[in-house]
Amino acid sequence: MRTISPAIAAELVPDGAVVMIGGFMGVGSPHRTIAALVARRVRGLTVIANDTARPGVGIGKLIGAGCVARVIVSHIGTNLETQKLMIEGKLAVELVPQGTLAERVRAGGAGLGGVLTATGLGTLAAEGRQVIQVDGRDFLVEPALRADIGLIAARSADYAGNLVYSLTARNFNPLMAMAADMVIAEANEIVPLGVLPPDAVHTPGTLIDQLLERPQVA
C-alpha cells in the first residue's frame, strides 16, 4: 500500500462529508489528519465520535476552526466551545449514550439497520424515537450509523494497512474502520510486512483504503 501525506488525506475529505473520527478525549485520535483538515479549512462536516475533546485538542481543533456543522457524540462536557456553539445555534449536537453510540456504529459496519436498546426509555433521549415491544419489554429503535469517511489512528501499521491499537484506542477505532465507505488511517509507526504477528492485528488491512506516511522525526 502506498502512503500519502496528511495534506493529501485532507483533500480526500470533501466539504459536507459525514466523518467518523476515532479516539476518546483525543487519545487514539488521528491528530495529523485533523491538523491537515484545519489547514485546508474544510467546512460543513458532520462528525461522529465519542466526544469533541477539549478546545485545541483532537476534534476540538475542528470545532474551534469552524469545520463542523453537526456532531453525533456521547458528550460535550469537556469542550466549552462546543457548548457555546450549540447554545448559539451554530452547531447541531445529537447526544447519544456512549454504549448506544458504539452499538450504532457497530451495526453500521455489520450491515444492520439498527439496534434495540432500553437505554434512554422515559428520558429526553427517547423523543422522536420509535419504540417497539419484544417479549413484553419496550425498546428504543436506534438507527445504524455509517460515514462517508473514517479517520482512525493506530499505534502500529504495516505496509498492507494492518493495524494494531494501544489500550483504550481500541474503543471506537476498530468499529469505525468497518462503518465508513473510505477509511484513512494514521499510525505512530509503520513496520515492514511480517513484523506484526497475524494474531496481534486488530484491524486487517483489507478495511483500510489510505495510510498516512510515517511521522516526520525532528
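I started with Arg41, which sits in the loop between α2 (31-40) and β3 (45-48). I am working from a predicted model.

Next I looked up the backbone of Arg41. Its phi is positive, about 60°, although Arg41 is not a glycine. I noted this because most residues other than glycine have a negative phi. Is Arg41 buried or exposed? Arg41 has 62% relative accessibility, so it counts as exposed, the cut-off being over 50%.

I then turned to Leu167. I found this residue in the loop between β10 (163-164) and α6 (173-176). Leu167 is not a glycine, yet its phi is positive, near 45°. The relative accessible area of Leu167 is 77%, so Leu167 is exposed.

Then I went to the inside. Which residues touch the most other members of the largest nonpolar core? I listed Val13, Val19, Ile21, Val47, Val68 and Leu151, out of 27 residues in that core.

I left aside its neighbours within four places in sequence. Leu151 is in contact with Val13, Val19 and Ile21, among others. Its contacts also include Met20, Gly22, Pro30, Thr33 and Leu37. Asn173 and Ile184 are on the list as well.

My last entry is on another core, which lies apart from the largest one. I noted 26 residues there, including Ala102, Ile152, Leu163 and Val183.

Key. Residues numbered from 1 in each chain as written. Predicted model: local features only at pLDDT ≥ 70, side-chain atom pairs only at ≥ 80, totals over all residues. Heavy atoms only, no water. Helix = DSSP H or I, 4+ residues; strand = E, 2+ residues; numbered from the N terminus. Buried < 20%, exposed > 50% of the residue type's maximum accessible area, 1.4 Å probe, protein only. Core = buried A, V, L, I, M, F, W, Y, C linked by side-chain atoms within 4.5 Å. Contact = heavy atoms within 4.5 Å.
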